[in-house]
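Here is a short tour of aromatic contacts. Please have the model open as you read along.

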Amino acid sequence: MRRDVRILLLGDDGVGKSTLITSLIKEAFVANVQHVIPEVTIPPEVTPDNVTTHIVDTSTRPEYRDTLETEIRKAHVICIVYAIDEPATFNRLSGHWLPYIRSLGVNVPVVLVGNKIDLRGDDVSNKCLEDEVVPIMNDFKEVETCVECSAKQPLNVSEVFYFAQKAVLHPTAPLYDSREHVLKPACVDALQRIFNLCDLDKDGVLDDAELNEFQRKCFNAPLQLQELEAVKEVVKEHEPEGVNDIGLTEVGFLFLHTLFIQRGRLETTWTVLRQFGYGDDLTLRESFLCPRVEIPVDCSVELSPKGYQFFTELFQVFDKDKDSALKKSELEALFKTSPGNPWAHTAFPQTTITTELGAVTLQGFLAQWSMTTMLDYQLTLRYLAYLGFEGDTTTAIKVTRPRKIDRRKGKVQRNVFLCYVFGAPKSGKTSLLRGFLDKPFSDQYEPTARPFAVVNSVEIKGAEKYLVMEEFGTQYEAEVLQNKKRLDKCDLLCFVFDSSDVNSFSYVVNLRKKYHLEHMPSVFVATKSDSDLVLQRNEVQPDVYCRHLGLAAPISISVKSRQMADLFNILTAVAMCPSIATPAGYLDASSSTVRMKRYLTAVGVASALIAVCLLGVRLYRHHGPSSSS
């Protein structure tokens with residue numbers, strides 16, 4: 001809502017424009033006033049809506065013509081004044097003034113003001129006013145209302161300026177079609193969204209508790225039981241389908257707001273709309289959807305405990321069949337108050353944990369939001385607003401410590417980690433990512449046509465962490481590796497090569513050399529260990545290459561045989577303690593000497609896990625990847 005209102009008084013000379021202004025300011029009639037009153041500014045503390053109000057007088061004299069047009073263009077609302085004792089001034093409303101305003105390309109609310117009602121004598125009312133004004137309002141939709149007053153008595157003077165303010169702050173035009181006497185489609189859409197958000201149990205009805213929560217949120221005052229019943233009785237009388245045994249239906253909710261508007265209580269509907277983030281154009285305000293958040297360089301963004309709690313409760317509300325998973329119809333219902341599924345352009349739900357039938361589990365739902373927040377926190381903020389997060393959406397996220405500080409200290413305190421996966425075509429990158437989610441293995445090769453990211457939770461020393469793994473395909477690989485900002489967002493690199501393809505390892509070696517990736521924490525993975533091992537066409541074999549870098553030997557896995565050697569725990573542990581997998585030239589000597597020990601102990605709390613890792617390293621160094629895996 002704007003914080004200032006500029007009111008322009010327009011009309012023929014002699015109708016009392018200047019006198020109206022002086023009567024408002026002096027609270028008394030002033031007989032002799034200057035021809036044009038200087039602009040008057042009323043401070044916000046003395047106005048009902050706490051806005052600064054500027055009142056501007058005008059003249060129709062030729063010497064004021066340029067000023068008149070300028071002021072019309074600057075106005076937020078125009079009051080066209082006519083004298084009730086001079087019918088010609090009323091006729092010129094539709095014959096001159098309204099067409100003139102339109103000819104200047106100005107589209108602002110207009111209030112018609114009939115002055116000098118004191119000349120009617122004791123009975124100042126006008127029973128024919130509606131009949132006189134309705135034809136004008138039908139032809140000129142910008143006319144909000146008509147007010148009759150007397151600057152001399154004074155009578156209804158403050159109401160003139162109140163309705164002018166109201167026409168700007170609570171306009172009719174965006175909400176209501178005065179000709180058809182119905183809510184406009186954009187208003188219906190907004191109110192339906194608000195109804196759905198307030199329907200906390202998603203049964204299609206607002207019960208008394210939900211109505212009172214709505215009342216508290218919008219007006220900070222709950223309704224008494226008698227008041228609630230009175231509201232429902234009014235709806236039932238005029239719109240029987242608006243109420244049932246449980247409470248107020250969507251039809252009833254829309255009817256109430258139609259009634260508010262028809263009775264001139266537009267501020268009620270506007271208060272509701274603005275409380276739920278809508279601007280004057282009935283779209284959600286950008287400041288509401290995406291509040292400003294300072295993200296220092298090299299920091300990432302994660303969900304806060306409040307964020308995880310919100311998405312957990314949201315999941316539970318929409319899991320109507322209580323099977324601990326959201327199927328397609330339940331996801332569609334969940335995103336009903338938003339522009340749609342935020343992951344529609346991705347491979348979702350193949351990007352996270354699902355049931356065999358493809359329904360998203362709670363673990364998968366939270367993991368997907370963890371990945372979204374890391375990769376595009378602004379999208380998460382928007383959807384927190386769309387989906388009805390209560391209060392400041394920035395409290396649902398948190399900013400982490402810079403990665404460079406983490407790497408320098410040798411330990412990371414974050415909960416969500418990003419791993420880029422690189423390797424030659426057909427080396428098994430996509431299968432590896434699908435294996436992370438326990439998806440079925442496929443022998444059919446499909447080239448990666450666009451970036452593909454997956455996410456899952458990994459338990460490290462009793463704490464749940466989220467690992468995001470992303471591959472890019474040869475088409476986008478160079479774009480990512482040349483982009484320092486993209487690399488800075490990454491916690492570690494996973495280099496994948498096919499242990500049964502003689503040329504596969506040289507691909508990742510050349511990649512590291514070409515893009516100078518020596519400073520990045522790295523883990524090498526030998527895939528397809530269930531196939532025959534071959535010598536790689538490279539200056540040195542993979543285990544020797546890694547030893548020269550001061551890194552552990554490649555981890556040998558078979559996605560097809562589901563023998564993963566705790567790879568994902570290892571990757572997460574490396575992300576948490578990146579120094580253990582950073583090439584030796586980028587660490588001090590003492591760090592290098594303890595690298596292997598730290599690498600092996602970081603990934604498990606049990607001696608059995610350490611033994612598995614040691615065995616894997618030993619087997620690879622002496623025999624290469626095992627064909628039995």
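## Ground rules

Helices are DSSP runs of H or I with at least four residues, numbered from the N terminus. This is a predicted model, in which local features need pLDDT of at least 70 and side-chain atom pairs count only at pLDDT 80 or more, while totals for chains, interfaces and linings use all residues. Residues are numbered from 1 along each chain as its sequence is written, and side-chain values use heavy atoms, without hydrogens and water.

## Aromatic pairs

Rings of Phe, Tyr and Trp (its six-membered ring) pair if their centres lie within 6.5 Å; planes under 30 degrees apart are stacked, over 60 edge-to-face, and the rest tilted. That rule gives 28 aromatic pairs. In one of them, the ring centres of W369 and Y383 are 6.2 Å apart with planes at 45 degrees, so the pair is tilted. W369 belongs to helix α14 (residues 362–375) and Y383 to helix α15 (residues 377–386), so this contact ties together parts 14 residues apart in sequence.

Y383 also pairs with Y386, edge-to-face, at 5.1 Å between centres and 80 degrees between planes. Both tyrosines sit in helix α15, three residues apart, about one turn of the helix. Ring pairs link a cluster whose members include W369, Y383, Y386 and F389.

Helix α14 is mostly covered, with eleven of its 14 residues buried, among them F365, W369 and M374.

Note on methods. Helices (H or I, at least four residues) and strands (E, at least two) are DSSP runs, numbered from the N terminus. Buried means under 20% relative accessible area, exposed over 50%, partly exposed in between (1.4 Å probe, protein chains only).
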